[in-house]
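Work through these exercises with the model open. Try each task before reading its solution.

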Amino acid sequence: MSPPSLIILISVFSILSLSTSQPPPLRRTLIDCGATVPSTINGLQWILDTGYITGGTAKNLTVPVLNHTLSTVRSFPLQNNLRRKFCYVVNVFRGAKYMIRSTYFYGGINGNDSPPVFDQIVDGTLWSVVNTTEDYRDGMSSYYEGVFLARGKTMSFCIAANSYTESDPFISALEFVILENSLYNSTDFKQAGLSLVARHSFGHNERIRYPDDQFDRVWEPFGANDSTISSSKNVSVSTIWNLPPTKIFETELTTGRSSPQEMNWPPVPLPNSTYYIALYFAHDHNSSPGGSRIIDISINGVPYYKNMTVTPAGVVVFANKWPLGGLTKVALTPATGLSIDPLINGGEVFDVIALGGRTLTRDVIALEALKSSFQNAPHDWNGDPCMPRQFSWTGIACSEGPRIRVVTLNLTSMGLSGSLPLSIARLTALTGIWLGNNTLSGSIPDFSSLKMLETLHLEDNQFTGEIPLSLGNIKGLRELFLQNNNLTGQIPNNLIGKPGLNLRTSGNQFLSPSPS
């Protein structure tokens with residue numbers, strides 16, 4: 001059987017550092033959702049979430065918790081919010097690689113026995129479904145961890161109800177941590193993100209995390225009761241690309257005899273997908289009279305790496321595109337002719353998830369300016385306006401294809417107040433604007449750059465000033481509804497009698513008669 005298409009690399013002596021041009025203040029943003037006072041836990045500072053999100057309600061849990069960050073949540077109303085997202089927006093360094101971890105502990109805040117099921121989104125990418133039912137039944141919190149590239153100056157993390165959501169979605173904690181450039185660097189983060197499936201320290205009987213892991217990655221214990229455990233004391237592994245904590249090499253799983261070692265890992269069945277797999281090894285020669293350990297590795301019977309030499313310097317063998325599905329069996333076999341017992345110290349598996357598209361930056365900037373000019377913009381106007389498509393902003397419709405543009409804006413009867421900024425004219429792919437029956441005021445901006453505009457509805461508002469002459473220069477304009485505002489002056493001649501134009505201007509204070 002031939003091995004699947006993949007890239008396997010072996011790393012021993014290479015570390016790449018994060019650019020020193022980036023200042024340190026936001027290397028680690030730890031948000032205690034719903035909390036009213038900041039806190040310090042295990043030397044790490046947790047901050048309030050009020051500066052990162054505008055929606056939702058902070059709630060206190062009434063059940064005992066093991067960690068202070070689990071004692072509060074931010075809850076988001078389900079009613080009338082199906083397929084609408086609530087987003088945390090965090091300032092980041094463009095081009096940096098971030099570990100994002102979301103934590104959930106239900107605590108019965110909705111009054112139901114079981115926690116809700118909902119979606120979580122990073123920028124324009126649907127990351128995963130959040131289902132904490134099994135962990136909550138066992139009295140535990142749940143966490144999800146991913147690695148994503150910051151493609152702008154901010155990143156958004158969003159919670160959204162889906163068709164399976166039966167009560168208000170919630171979140172307990174949210175973390176953004178910059179990773180060194182060397183970590184997981186065989187992945188093209190411009191095309192994909194990594195979603196953690198399993199990370200284990202083999203042979204340990206407790207979790208390993210900060211300060212042993214400088215990034216506070218969580219290394220769960222695995223196999224402490226299944227195989228012989230021996231200590232590896234004199235190893236030096238600081239040069240492994242993914243920078244695993246030295247502590248994972250203090251124990252190892254080994255058969256204790258010269259025979260193959262097989263383990264079902266990860267310990268849960270996996271959906272059919274493509275995975276990033278990293279296996280970590282280090283060996284103290286002084287502890288083994290047999291000298292160097294050379295082993296062959298296979299996964300589900302397919303050769304993964306042959307004749308790998310385990311040294312005190314440590315080694316990680318990884319594949320960034322390995323197909324898996326169902327249960328997984330990892331086999332470690334002594335190389336031909338050698339009488340040594342195979343070993344392993346740690347492992348990570350990530351699901352490789354394709355990134356969703358992104359709304360064109362100029363459209364995002366224009367919509368943010370529009371949002372700022374409204375005094376009461378829709379609460380879901382956060383995160384990416386168009387993506388994921390099933391969670392686009394209220395009133396927004398977007399184009400298909402790789403270049404994602406906003407093509408219609410429909411906020412009729414939304415109770416909006418405020419004004420229209422000049423930047424709305426930068427939404428140059430717009431074909432239709434419906435803003436009728438609100439209380440918008442100020443002057444009508446110049447829409448002449450909207451060459452594709454066919455429909456403009458501004459009726460039943462409080463606009464003042466004159467009708468821009470430039471509106472008559474939009475060749476494809478077919479509907480212009482301006483009735484019932486406070487407009488003055490004269491109706492431009494290039495609008496009166498314009499072929500194919502349905503023009504309505506009654507209910508204003510014009511100096512010349514209205515067409516209707």
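The exercises below cover disulfides and one glutamate in this predicted model.

**Exercise 1.** Find which cysteine is joined to cysteine 87, and describe the link.

Solution. 
- Step 1. The sulfur atoms of cysteine 87 and cysteine 158 are 2.1 Å apart, and the two form a disulfide.
- Step 2. The angle about the S-S bond is 100 degrees, and the link is right-handed.
- Step 3. Buried means under 20% relative accessible area. Cysteine 87 has 2%, so cysteine 87 is buried. Cysteine 158 has 0% and is buried.

**Exercise 2.** Determine the handedness of the disulfide between cysteine 386 and cysteine 398.

Solution. 
- Step 1. The S to S distance between cysteine 386 and cysteine 398 is 2.0 Å.
- Step 2. The torsion about their S-S bond is about -80 degrees, so this disulfide is left-handed.
- Step 3. Cysteine 386 lies in the loop between α2 and β27, while cysteine 398 lies in strand β27, so parts 12 residues apart in sequence are tied together.
- Step 4. The structure holds two disulfides. Counting bonded cysteines along the chain gives the pattern 1-2, 3-4.

**Exercise 3.** Identify the side chain with which the side chain of glutamate 479 makes a polar contact.

Solution. 
- Step 1. Glutamate 479 belongs to strand β34.
- Step 2. Beyond four places in sequence, the contacts of glutamate 479 include Thr455, His457 and Leu501.
- Step 3. The polar partner is the side chain of histidine 457, at 2.7 Å.
- Step 4. Glutamate 479 has a relative accessible area of 28% and is partly exposed.

Terms used. Residues numbered from 1 in each chain as written. Predicted model: local features only at pLDDT ≥ 70, side-chain atom pairs only at ≥ 80, totals over all residues. Heavy atoms only, no water. Helix = DSSP H or I, 4+ residues; strand = E, 2+ residues; numbered from the N terminus. Buried < 20%, exposed > 50% of the residue type's maximum accessible area, 1.4 Å probe, protein only. Contact = heavy atoms within 4.5 Å. Polar contact = N/O pair within 3.5 Å; in protein donor to acceptor, adjacent residues only side chain to side chain. Disulfide = S-S within 2.5 Å.
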